[in-house]
Amino acid sequence: MKILVFANTPAHVHLYRHAVSRLESAGHDVLVLTREYACTTDLLDFFEMPYRVYGEHGTERSSRLRIAREFGDQFVTIAREARRFDPDVVFGRGPYAAYAGTLTRTPVVLVVDDEPADVNYLVSKPFADCILSPAAMRRDLGDAHYTFEGVTECAYLHPDVFDPDPTVRDRLGVDADEPYVLARFNALDALCDAGLEGFGPEQRRDLIERVSEHATVFVSDESGRMALDELPAREYDLHPALIHDAMAEADMLVADTGTMVTEAALLGTPSFRYRGSDDHEYGEFRELERAGLAEQFDDYLPLRERVLELLAADGDEVADRWQRRRQEYVGGLVNVTD
């Protein structure tokens, strides 16, 4: 078979990378269509996935109008590449995959999570032959909607497919017993992020200064514009493909972005999400909170106090507690790659 896969973000690359490898090993012809966005093509190169680029999207804040304009140019390239490849099935999400499948008269499989960009569902749902989503997702997308136990991140972080790199501490330059925290700041540049606010500049500074009193702080700033010269923090500068290894070894992740909080929680690393102005209720976060693996906060000060409280506790006891919760929770989830 000829299988066309859309990977529009770094998370999508991880979602499909094991499946692409297994499909190619089984003799199928796979092509990934992607865009230059953050580290997406860096990951595709690292995992040696076959891809072509259909466009680009910067990490600066975007309006819905600007994103709509991007679609126009990108659809022209997608049409050319999809016709050239002539797939038997299309995997992806949102209007890109729906458009390619309609154009080539090919069945479309959408793999979605519990995200709030309703326009993606409205545009793509009528063209989907199958929609796969976590059971925790509260939307009913019709007769072609099938659910699985877990989250999409289980395609690459389920224990069946993920083994942490034991050398990541050496790569980061931290000692074996040195506590460290990952702080991830969202660029909020995607369509679903339009109009949302995460950590403000003063909150970022305050968080880093307070956390640095207890642990080494590594900052992953999606926008790439945060100056760390005068802050007690280090830039996370390993290859982006190693971020999950760094998460697995970290004492904590604090972020205003959903995907990395979910990932850290699945790895048994205490993870805290600042919702900011995002008032959407995510089914997957309800499940992770119920399992005691992730916590969300509407306000900054309660988040800061909870983070500092946990950092002041016995690190080994906290790590053991979260790993027990992880084993209990993840043991009932499916390997989404399968």
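# Aromatic pairs, helices and a pocket

Phe 6, Tyr 54, Phe 75, Tyr 96 and Tyr 99 form one aromatic cluster. The model is predicted, so local features need pLDDT of at least 70, side-chain atom pairs count only at pLDDT 80 or more, and totals for chains, interfaces and linings use all residues. Residues are numbered from 1 along each chain as its sequence is written, and side-chain values use heavy atoms, with hydrogens and water left out.

## Aromatic pairs

A pair of aromatic rings is described by the distance of the centres and the angle of the planes. Rings of Phe, Tyr and Trp (its six-membered ring) pair if their centres lie within 6.5 Å; planes under 30 degrees apart count as stacked, over 60 as edge-to-face and the rest as tilted. The structure holds twelve aromatic pairs. Two of them are set out here.

| Pair | Centre to centre | Angle between planes | Geometry |
|---|---|---|---|
| Tyr 180 and Phe 218 | 5.6 Å | 85° | edge-to-face |
| Phe 185 and Phe 199 | 5.6 Å | 80° | edge-to-face |

Both pairs link distant parts of the chain. Tyr 180 sits in strand S8 and Phe 218 in strand S9 (residues 216-221), 38 residues apart. Phe 185 is in strand S8, while Phe 199 is in the loop between S8 and H8, 14 residues apart. Helices (H or I, at least four residues) and strands (E, at least two) are DSSP runs, numbered from the N terminus. Tyr 180 and Phe 218 are buried. Phe 185 and Phe 199 are buried too. Buried means under 20% relative accessible area, exposed over 50%, and partly exposed in between (1.4 Å probe, protein chains only).

Helix H12 covers residues 300-312, 13 residues in total. From first C-alpha to last, H12 reaches 18 Å, close to the 18 Å expected at 1.5 Å a residue. That expected span is 1.5 Å times one less than the number of residues. Buried residues of H12 include Tyr 300, Leu 303, Arg 304 and Arg 306. The partners of its buried residues include strand S8 (180-185), helix H8 (201-211) and helix H13 (315-330). Contact means heavy atoms within 4.5 Å.

In helix H11 (residues 283-290), Gly 283, Glu 284, Phe 285 and Leu 288 are buried. They pack against helix H10 (258-266), S12, S13 and H13. Just after H11, Gly 292 has a positive phi of about 75°.

## The second largest pocket

On a 1 Å grid over the protein atoms alone, a pocket is an open set of points where a 1.4 Å probe fits, with protein on both sides within 12 Å along at least five of seven lines; lining residues have an atom within 4 Å of a point. The second largest pocket holds about 560 Å³ of space. Its lining has 25 residues, with Ala 248, Glu 249, Ala 250, Asp 251 and Ala 319 nearest its centre. Helix H9 (243-249), H12 and H13 each give two or more residues to this lining. H13 supplies the largest share, six residues.

## Two residues

Lys 2 lies in strand S1 (residues 2-7). Lys 2 is partly exposed, with a relative accessible area of 27%. Lys 2 and Pro 87 are 85 residues apart in sequence, yet 4.8 Å apart in space, C-alpha to C-alpha.

Ala 26 is in the loop between helix H1 (10-25) and strand S2 (29-36). Ala 26 is exposed, at a relative accessible area of 57%.

Technical notes:
Grid points are joined across faces, edges and corners, and a volume is the space filled by probe spheres set on the points.
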